[in-house]
Amino acid sequence: MRALFAFVAICVSGIVVAATVEESLFTKLDVELDKARAEQMPLLAPEAWDKAVAASNAARSSFERNRSLTSIQKSIDQAGAALASARETMRLGRVTFEAVLKDRSSALSAGADLRAEDTWRDAEATFRKAAVSLEHGRSDRAQTLAAEAVQLYRSAELEAIKGVILRDARHLLSQAEDEKVNRYAPQTLALARASYAEAEAALAQDRYDTDRPRLLAQQAKEQASHALHLAAVIKAVDSDDRRLEDVLLASEAPVIQIANELGVTPDLSNGVASTAAATLAAVKANQRELAQLRLDLDERDERISTLETALGGASKETVALNSLLAEQQLRREQFEQVEKLFTPNEAEVLRSGNTIVLRLVGLAFDSGSAVIKTAQFDLLGKVEQAISIFPSSIITVEGHTDSFGSDDSNLELSQRRADALRAYLLARMNLAPYRISAMGYGEERPIASNDTDDGRARNRRIDLVITRSGD
C-alpha cells in the first residue's frame, strides 16, 4: 500500500511539474498572441500572424510529445519573432486600410458574413491580398486592392440590408410571377414592382437611412399581396366559380356597414363613390363636434372653478365670474373669426384654451427647399389677418417633416422652413421680433402615419401657434 501511495504521489508531482513548466514556457507567448489578435494582426499582417500561430502550435506539439526544451523554446522564439516583425506593418496597415476596416465593420454589423456570404468571402480574400502586399513592401498594390475590398464590403453590406428589408416583398413578387398575376392584375402588380425598385434605389443612394426603403418595401409587399388577391378573384370569375356581381357586392359591403354605423344612408345608384364621400364628410363632422365638445368641457370646468370660489358671497368673486364668461365669449368669437378666414384646403384651425393653432395645409414647399413661393402669398395674407385678431399674442412658427431622410437633415430642413415663414411675417407685419419665434421639430411630432403617402403629406407641415395674452 505504501508503494501505491508513493507511486500516486510521484504521478501527481509529475503532473504539477509539467503544468508549471508549461505555464512558464507559454504564458508570455499566449499574452502576446492575445494582444496581437486584439490589435487586428490577423487582418493587417496575415502572413506574419500565420507564422506566429504555426510556431506556437509547433511548440505546444513538441511539449506534448516530451521533446527537448531547446526544441520547444526554438519554436516559441520563432513565434515571438513573427509577432515582433509585424509591428511596423500593422502600424502602416492601420493607416493604409482605415477605410477597409471601417467598411468591414459596417458590413459585419449588417450581418453580411451570413446574408451575403459569396460577396463577403470575396471581400475577405481581397483584403488579405492587400495586407500581404503591404507586408511585402508593395504599397501601391496594397492600396489598389484595398480600394477593391472597400467596394466589395460595401456591396456585401448593401446585399445584407436588402436581404432583410426587401425579402418579403421579393418573395411575393416572385410568387406573383409564378402565378402569372400580370395577366389578371397588371396595374396593381406594376405598382408593386415600382415600389420595390424605388426601395432598392433608395437603399443604393443611402443604405443607412432605412426608414424610406422600409416603408417602400412594405408598400411593395402590400401591393403584391393585393395583386395576388385580385388575380385569385378574377380567375374565380373567369372560371365561373364566382359571379362578378357577387364579387362587386362583397366589395361594397364594408363601405355600407361603416355608413350605417355613422348614420349615413347608403346611395349605391352610381356605385360606392357617393356613399364613401358622404361617410368621410360624416367622420370629419364628428371630429369637429368632438373638438368643440372638448372646448365646451374646458370652459365649463373654468366656470365651475370660479363659481366654487364665488359661493363665499364676496362681490369681487362675482365680478371675476362675469369677467370669465365675457373672456370665454370673446375667445369663441375670435376663434370663429379665424375659422372663417380659411378654406379646408388652406388651413385647419385648432383651439385649446388660450391657444390657436393654424395648421397651414396649403403652404407647400418644393422638396428640400425652404423658399416661400409667390403662389402662397394669398394664403399668408390670411395668416396676417389671423395674427391681427390677437394683437398682444405670442407666436411660434413650427416646422415639421415626414420620416423620410435622416433625422439631422429633417431637423435642419424643418428649422429652415420655420425660419423662412418667421422672416416673411416680420417683413410684412409690424411685429416686435420678440413676439414671434421659429422652431423646427423634424420628424419628431407626426400627426399621421408615415406608412402612407397621405400620412406623410400631412406630417410635412407648418403649424402657426398663436397664444393669446390679454387681448
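Salt bridges, then. Searching the whole structure, which is a predicted model, turns up 22 of them.

Take Glu-124 and Arg-104. They form a salt bridge, with 2.8 Å between the closest N and O atoms. Glu-124 belongs to helix α8, residues 117-135, and Arg-104 to helix α6, residues 98-109, so the bridge ties together parts 20 residues apart in sequence. Are the two partners buried or exposed? Arg-104 counts as buried, at 16% relative accessibility, while Glu-124, at 24%, counts as partly exposed.

Next, Arg-193 and Glu-177. The closest N and O atoms of this salt bridge are 2.9 Å apart. The pair links distant parts of the chain, 16 residues apart: Arg-193 is in helix α11, residues 186-205, and Glu-177 is in helix α10, residues 167-178. Arg-193 is partly exposed at 36% relative accessibility.

The network consists of Glu-117, Asp-118 and Arg-121, linked by salt bridges.

Now the rings. There are five aromatic pairs in the structure. Which residues do ring pairs link into a cluster? Phe-97, Trp-120, Phe-127 and Tyr-153.

Last, arginines over rings. Arg-60 lies over the face of Phe-26, 4.3 Å from the ring centre. Arg-445 has its charged end over the ring of Tyr-441, at 3.8 Å from the centre.

Conventions:
Residues numbered from 1 in each chain as written. Predicted model: local features only at pLDDT ≥ 70, side-chain atom pairs only at ≥ 80, totals over all residues. Heavy atoms only, no water. Phe/Tyr/Trp six-rings, centres within 6.5 Å; stacked < 30°, edge-to-face > 60°. Lys NZ or Arg CZ within 6 Å of the ring centre and 35° of its normal. Salt bridge = Lys/Arg side-chain N within 4 Å of Asp/Glu carboxyl O. Helix = DSSP H or I, 4+ residues; strand = E, 2+ residues; numbered from the N terminus. Buried < 20%, exposed > 50% of the residue type's maximum accessible area, 1.4 Å probe, protein only.
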